[in-house]
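I am opening a notebook on a structure I have not read before.

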2 protein chains.
Amino acid sequence: MHTRRRYHHGDLRAALLTRAEETLRERGPAALSLRELARDLGVSHAAPSRHFKDKQALLDALALTGFHRLAQTMTAALEETGESFAERLRAGAHAYVEFATANAELLDLMYAIKHAPEASEELSAASQRWIAQMENLIGDAQRRGEVRDGSLESVGIGVFSSLHGYASLVAGDHLPPEVRAQGLDDLVAYILRGCAPE
Amino acid sequence: MHTRRRYHHGDLRAALLTRAEETLRERGPAALSLRELARDLGVSHAAPSRHFKDKQALLDALALTGFHRLAQTMTAALEETGESFAERLRAGAHAYVEFATANAELLDLMYAIKHAPEASEELSAASQRWIAQMENLIGDAQRRGEVRDGSLESVGIGVFSSLHGYASLVAGDHLPPEVRAQGLDDLVAYILRGCAPE
DNA sequence: ACCTGAACACCGTTCAAGT
DNA sequence: ACCTGAACACCGTTCAAGT
């Protein structure tokens, strides 16, 4: 029992990320401090630097885990639904908005402007993965004749923008209550109109 | 000449906001420090607290100036264009995206989740002003028969979401280059389809 | 009214040193 | 490899005191 944990409880890197996400969710990004994380995990304040070269590196890693979880959520949601574009879009939209509201601060971090140059490559790849996911969805629907012709980009840009914009506005609590109530259903109907064949 | 400025150069509050926006733009939000602002303006580090009760209050005030400038920009853009919905939408979309790219960090701040409770009322009022602006635009277009019937909210939600989402994605550099090139034109066409009468 | 100066309790980061 | 302890140069905030 005493050889299992050498200095701390096993995997400091993972523990830091987990704890960081908790405080991010509970007390916001401004409250995130490396020293406090170290204190909470019973480790010296210099220990985190073994795993993250600086604070930004930890934030970048946190954002990356967010994208991975988002991709999983989306995939799971799309597997559990029907084949029609309307059903798949609705499922995807619900999953994205649910993730956004359940992880509002993390979503902010994921799409934050300031990322370290080293991490930004990995991060933008991750952010473009769900764009690709949506593009696949659109491509399939085009082949089924449920979405208008045109390049994936030209049809997709509206879908990404609508979904991301709505999720951001809802997560940030920037929509008046009248809009929020029926909002997602209205949005899906609007997206379907924007995608409908001519 | 020596009675004009007592301790500093006249209006510390305005000077703080101006300087803060400069460093926000040039070095990002993490680089914003009250002490450095005070140093730059040749004033003691405790002076800012006379005008902003804490750092968050300064950030909130900065976000508010952003909303005011955005509203001005939008109004100006809409005054210089034609009467058709297509023209007005295009003008508004261009203005919003231009503002977003020219003030990317500020936009992040404006829509940040974490605002002080006292300021959030004023801020959400400001954020809902441009939503109202868009709703007016939509209402006018409905009366002209250029936009489908339905409540302003149900038609508007798609327009806000699309515009805000696209602006955020572009400002944050989260769109692949292929998409960015023709993106705004594609987006406007998509929004028009989503709004078109049945 | 508006600002200063000192004080307090925090930060992030680095680096020799320990195991 | 992984972590500690001390050190350095910063922070935000508060508060008596000055003009």
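**Ground rules.** I note that this is a predicted model, in which local features need pLDDT of at least 70 and side-chain atom pairs count only at pLDDT 80 or more, while totals for chains, interfaces and linings use all residues. Residues are numbered from 1 along each chain as its sequence is written, chains are lettered from A and ligands numbered from 1 in the order in which they are written, and side-chain values use heavy atoms, with hydrogens and water left out.

**Chain A overall.** I looked up the secondary structure and found 8 helices and 0 strands in chain A, where helices (H or I, at least four residues) and strands (E, at least two) are DSSP runs numbered from the N terminus. Along the sequence the pattern reads α-α-α-α-α-α-α-α, and the C-alpha trace of chain A spans about 65 × 35 × 35 Å along its principal axes.

**Helix 4 with helix 8, chain A.** I found that the axes of helix 4 (residues 85–102) and helix 8 (residues 177–195) of chain A come within 10 Å and cross at roughly 135°; axes are lines fitted to C-alpha atoms, for helices over the stretch in contact, and angles run from 0 to 180 degrees between N-to-C directions. Helix 4 and helix 8 of chain A are therefore oblique to each other, given that angles under 35 degrees count as roughly parallel, over 145 as roughly antiparallel, 65 to 115 as roughly perpendicular and the rest as oblique. In contact here (heavy atoms within 4.5 Å) are, among others, Leu89(A) and Ala93(A) of helix 4 and Leu184(A) and Val188(A) of helix 8. By class, this contact of helix 4 with helix 8 in chain A has 10 nonpolar, 1 polar and 2 charged residues, with Ala, Val, Leu, Ile, Met, Phe, Trp, Tyr, Cys and Pro counted as nonpolar, Asp, Glu, Lys and Arg as charged, and the others, Gly among them, as polar.

**Helix 4 with helix 6, chain A.** Helix 4 also packs against helix 6 (residues 117–143) of chain A, at an angle of about 165° and with the axes 10 Å apart, and I record the two as therefore roughly antiparallel. Phe85(A), Arg88(A), Leu89(A) and Tyr96(A) of helix 4 meet Trp130(A), Leu137(A), Ile138(A) and Ala141(A) of helix 6. The classes there are 7 nonpolar, no polar and 1 charged.

**Chain B against chain A.** I counted 39 residues of chain B in contact with 39 residues of chain A. The two chains bury about 3,500 Å² between them, 66% of it on carbon and sulfur atoms, buried area being the accessible area (1.4 Å probe) that two parts lose on being put together, summed over both. Ile113(B), His174(B) and Tyr190(B) supply 20% of the area that chain B buries against chain A, more than any other three residues.
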